[in-house]
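Me: I'm new to this structure and would like to learn how to read it. Please take me through it one feature at a time.

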Amino acid sequence: MFQTFDVKSDPSTGPARLAALRNKMTDLGVDALLVPHGDEHQNEYLPPRAERLAWLTGFTGSAGACLVLADKAVVFVDGRYTLQARDQTDAGAFEIGDLISQGPVKWLEANARKRMKVAFDPWLHSAAAATNLKRAAEAVGFELVALDDNPLDAIWTDQPALPAEPVRIQRKELAGTTAKSKLRDIQKAVRAQKADAVIATDPTSICWLFNIRGNDVTHTPLVLSWAIIPARGMAQLFLDEAKLGIEENAYLTQLADLHPYADFADAIDALAKRAKIVMVDPNQCAEAITKKLEVGGVELLKEQDPCALPRACKNRVELKGATEAHKRDGAAMVTFLAWLDAQDADTLDEISVAKKLEACRAETGKRLDVPLRDLSFDTICGSGPNGAIVHYRVTEATNRRMNSGELLLMDSGAQYDDGTTDITRVIPLGKPNDEYRRHFTLVLKGMIAISEVRFPEGTRGVDLDGLARRALWAEGLDYGHGTGHGIGSYLAVHEGPQNISKRGMASFQTGMIVSNEPGYYRTGSHGIRIENLVYVKPSKVPKNGGEIPVHAFETLTLCPIDRRLVDRKLLSKQERRWLNRYHAKVRRTLTPLLEDADTIAWLEQATNRI
């Protein structure tokens, strides 16, 4: 199993750990300490050693922060995690705050006292985040203290070691482009900016750039690493060389000078002595790194990671791999859904269902000769009221037996050598009521709107987000998360810069993959989310009088959308046509990949015209 169901946190540990941390803060002479969910690379998903926020508070979500003061501690989370944070933290020790509307910076602006000392670990905050803190400090008059050592590490006596998983080469037949070619392009971009070097701190970019993969981060095939890429000459790559076999070492030494992971900080000091202009991504690069360069007199060129956009725009080989991965994943999903429909709901629980889905993926991958490498995240398997917890993770403590008449929300994904998948389906356990069907159909209308939209060059996620919400808004309903996130090519399941959200400012370009996942959640009752992955197709001028070229989305995900939850009266003729065509494609594509006659019969029924 790639997923465990252990209870990873205990709210009862929070008060004692909080007290120990406050003692350390007193020793340091600081009044407040920021504890973010993050590591030195600003990863979304963290190696166990970096799970400081979870260790202190009990909250295990993938985004958040805690502001610790002498008399209170506030855990800030976004709308995905509000219910989870309340369940996982001790209410007597921690307050819950809104990360979006009033994060730590706004809280400090409103509540900090003049001359109070607010401490932070500059390795765990990006340069952009530190800049926001500095502005708040200047406006309010509190003192911002950058710590040399993290006081939480001093009290975390059994803190895990850094991961040491082996490095694998991502072959050209999967990557589509050689690492040498990518490095030339990045160096060309550095020279175009008249910089001496760019510092790569995001392991996702480094793995993409050097065509390597690893297993240092849960469910994401990353190698914890740093890189310095000069405008000319050999790159420097910093990683634990014990992770390299003979072949991997020989491969990487042709691309870069290899150095131990721990030598990176000293290398930044050395770079500061010889470089005049260095490119950094302020949203990715740690404040500790930029500070070292500034102290050395280096001019910082603050630009987006030059790997981000070419990484997001998948090439022909990567798109072909994504297409094949979704066919395979679709066959596994159909196998699972056919099995689920044959069960008595009252005999099922969330853990057994999540285990069955993983087994279907593993068995299908083995049968089709492309093994399941990992899940792309812990499967969200929420029945009844648990479905309303947007990023619910079932554990032995929360495992819930299912009941006939409820909804089951399954959000899951897989990592294959040729692609990363992410899919959400909602399944009625028994006959759904009219309210479930209405909510489901309103969400479906939004998903179809994104699937069918055509848009000109320069269109951003913020421009499309409202399309997915329009039917819900008309009924006075909404959802508290973005409509879509970027997806990597056997890399991170959440990838930028593209997304569909109220904050999505990146323009969509050919080859980008993005999720399409509107939803609706009623606390204590049910949750609905329908998710397909789509990619941006090349722009062309529409027929019948079109004057400008427009892009379109092509759907990658292949899996039936449960017709039992669709209220056809709420769908327009065009929306019904889209659903019928989608189901015809699902049936046509997946039937040859299935062997079991009962599963094939189930697929035939599930994709009938509506």
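Me: How do the residues of the lining of the second largest pocket divide into nonpolar, polar and charged?

Reply: The lining splits into nine nonpolar, four polar and 10 charged residues. Here Ala, Val, Leu, Ile, Met, Phe, Trp, Tyr, Cys and Pro count as nonpolar, Asp, Glu, Lys and Arg as charged, and the others, Gly among them, as polar. A pocket is an open set of points on a 1 Å grid over the protein atoms alone where a 1.4 Å probe fits, with protein on both sides within 12 Å along at least five of seven lines; lining residues have an atom within 4 Å of a point.

Keep in mind that this is a predicted model: local features need pLDDT of at least 70, side-chain atom pairs need 80 or more, and totals for chains, interfaces and linings use all residues. Numbering starts from 1 along each chain as its sequence is written, and side-chain values use heavy atoms, without hydrogens or water.

Me: Which residues lie nearest the centre of the second largest pocket?

Reply: Look for Ser451, Arg454, Lys537, Phe553 and Glu554, out of 23 lining residues. Two or more lining residues come from each of helix 16 (434-452), strand 27 (532-540), strand 28 (550-555) and helix 18 (573-590). Helix 18 gives the largest share, seven residues. Helices (H or I, at least four residues) and strands (E, at least two) are DSSP runs, numbered from the N terminus.

Me: Is Phe553 buried or exposed?

Reply: Buried means under 20% relative accessible area, exposed over 50%, and partly exposed in between (1.4 Å probe, protein chains only). Phe553, in strand 28, has 4%, so it is buried.

Me: Which residues have the most contacts inside the largest nonpolar core?

Reply: A nonpolar core is a set of buried Ala, Val, Leu, Ile, Met, Phe, Trp, Tyr and Cys residues joined through side-chain atoms within 4.5 Å. The largest one has 74 residues, and the best connected are Val353, Leu408, Leu444, Phe508, Phe553 and Ile561. Helix 16 brings the largest share of this core, eight residues. There is also a second, separate core of 55 residues, with Ile186, Val190, Ala286 and Leu301 among them. As for Phe508, the residues touching it include Phe455, Leu464, His551 and Phe553.

Me: How many disulfides does a search of the whole structure find?

Reply: A disulfide is a covalent bond between the sulfur atoms of two cysteines; the cut-off is a pair of sulfurs within 2.5 Å. The search finds zero. Take Cys285: the closest cysteine sulfur, in Cys307, is 13 Å away, so that is too far for a bond. Cys285 is also buried, at 1% relative accessibility.

Me: Where is Asn544, and what is its phi?

Reply: Most residues other than glycine have a negative phi, and most peptide bonds are trans. Asn544, in the loop between strand 27 and strand 28, has a positive phi near 60 degrees, and is exposed at 84%. Gln42 also has a positive phi, about 60 degrees, and is partly exposed at 21%. It sits in the loop between strand 1 (32-36) and helix 2 (52-57). Finally, Gly496 and Pro497 are joined by a cis peptide bond, with omega about 10 degrees; Pro497 belongs to strand 23 (residues 495-500).

Key. Contact means heavy atoms within 4.5 Å. Lists of a residue's contacts leave out its neighbours within four places in sequence.
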